[in-house]
Amino acid sequence: MLLKSNVKNSVLCVLLGVGLALVGVPGGAATAAGGPVYLPLVLRDAPALPSVFGIHFDFGPGAQTTRGFDKLVESGGDWTRLQPGLRWARIEPNEGDRNWSAEADLETQLRYFSDRKINVMLVVNMAPVWAQRVTNQFCGPVRPDKYAAMASFFRDAVARYTAPPFNIRHFEFWNEPDADFKTDGSVNQSLFGCWGNKNDPYYNGREYGAALKEAYRGVKLGNPQAQFFVGGLLMDCAPSFSGNPACATTGRFLEGLLLTAGGSFDGVSFHAYDAWPPNSAAGRYENPNWGVAWNTTGPGVIAKSRFIRQRLAAAGVSGKTLINTETGVIKWGASASVTSEPNFDLTKTYYVPQAYAASIAEGIAGNIWFDMFGWFGSGLLRGDDTLVPAYDAMKVGRQRLNAVQYIGEITSADVGVANVAGYKFNRGDRKVWVVWSKDGATHNATFANAPLEVVDALGAAQSTGTNIPVTIKPLYIEWP
């Protein structure tokens, strides 16, 4: 089972106009079905609309972190997310007495990204001792009688960090708040939010929603144009997952927060990982807790984003941006560092085109890979400074899928054969298809006309004839 809570205390932003329906499919195969239309929301003085590509960073030694930052810039990624983020407990250890210099290292990093026009999703977390409702739970709930003080902090923090030289526009309220807090009185300074309560039918989502609403008020006083997000929901398992009875409660956290917060946020940040079963063939991944697999549903970002939209719609909340602030393929049993295993490396490589194309198709504004340095083998940069192939796949994906508009899913009518999955996009200069074998077998796609260009997930040129073999390694097929 893909349960992170026992391992990790769990496992920016503008909605792009990526759902515009376009008519006409290249190759003479069929006519595309249009998708939903999302109108872009533009912030004054904000950077140009970003692609969905990004890479996450946990703070490490300065030299290591800077090395990784440079690799993000080289990849062409438009997003990053930093942990531990902005820690309220460090800045305001005594109520009303703020010391912003306590986060000097973070501010240096924020300036780095601002100078390079990288969009930062900034997590704000960690309650000071005087504001903790549960003793010693820095990651946990805020005392209701301190909500006004919390809102004041958010007002001032947002005013500070949306201004030059930081220019941050996207903020999260805690990280993975749907993880549970400790009740034994021990100190918990985890970077993961611990608002969850297994004894509450909504897993304490209602309390989190009440605090979120007050923090949102402070955010908008600090800068009305700042974008404030529900903090990176873990969503370990779907409420319907029968393999773990706890899912029926933990999965209702979002439902609970909507009962008290209403629409007092600009978007929902969430996390969607898939896992490679050790010793499996390349390209295999799954998340049983969500009924997700490589040969059925595709990447978990699809199931989770649709679940969130369903919950928002049921609560009558609309117009909210979704961002997947932690994504990737992990390997259970691997160390935190990046491991080298051929089939796992290939799985990560093949997953990149699938997950990022799916995110664009689902109307997600950002999809941020976790992490540059890795977690359960997911990283892109090894300790010896070598990059894994998935990093190159990120660069290729960013180039091929930059500023695209979603047309529709690949059908058998498009390729003349079954069991080929993928998506169709319009990049302006060309139509771009992303295709791969859904069952792992090789299928010969046929077209009336040869495409202009075909490259694989790593950018290697492939045949451009009217008959193209499609394997589990994704292809980018480009048409006039």
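Residues are numbered from 1 along each chain as its sequence is written. Because the model is predicted, local features need pLDDT of at least 70 and side-chain atom pairs count only at pLDDT 80 or more, while totals for chains, interfaces and linings use all residues; side-chain values use heavy atoms, with hydrogens and water left out.

Me: Why is the pair F53 and Y356 called stacked?

Reply: Rings of Phe, Tyr and Trp (its six-membered ring) pair if their centres lie within 6.5 Å; planes under 30 degrees apart count as stacked, over 60 as edge-to-face and the rest as tilted. The whole structure holds 38 aromatic pairs. For F53 and Y356 the centres are 4.4 Å apart and the planes meet at 5°, so the pair is stacked.

Me: What makes this pair a tie between parts of the chain?

Reply: F53 belongs to strand 1 (residues 53-58) and Y356 to helix 10 (residues 342-361), so the pair ties together parts that are 303 residues apart in sequence. Helices (H or I, at least four residues) and strands (E, at least two) are DSSP runs, numbered from the N terminus.

Me: And why are Y112 and F113 edge-to-face?

Reply: Their ring centres lie 5.3 Å apart with planes at 85°, so that pair is edge-to-face.

Me: How do you know whether Y112 is buried or exposed?

Reply: Buried means under 20% relative accessible area, exposed over 50%, partly exposed in between (1.4 Å probe, protein chains only). Y112 has 13% relative accessibility, so Y112 counts as buried. F113 is buried too, at 0%.

Me: What sits over the face of Y112?

Reply: That is R116, at 3.7 Å from the ring centre. A charge sits over a ring if NZ of Lys or CZ of Arg is within 6 Å of the ring centre and within 35 degrees of the ring normal. K320 has its charged end over the ring of F265, 5.1 Å from the centre.

Me: What makes strand 9 mostly covered?

Reply: In strand 9 (residues 321-330), 10 of its 10 residues are buried.

Me: How many bridges join strand 9 to strand 6, and to strand 10?

Reply: Two strands pair if DSSP finds at least two bridges between them. Strand 6 (residues 267-275) pairs with strand 9 in the parallel sense over 9 bridges, and H271 has E326 as its bridge partner in strand 9. Strand 10 (residues 366-369) runs parallel to strand 9, joined by 3 bridges, with I323 opposite G366.
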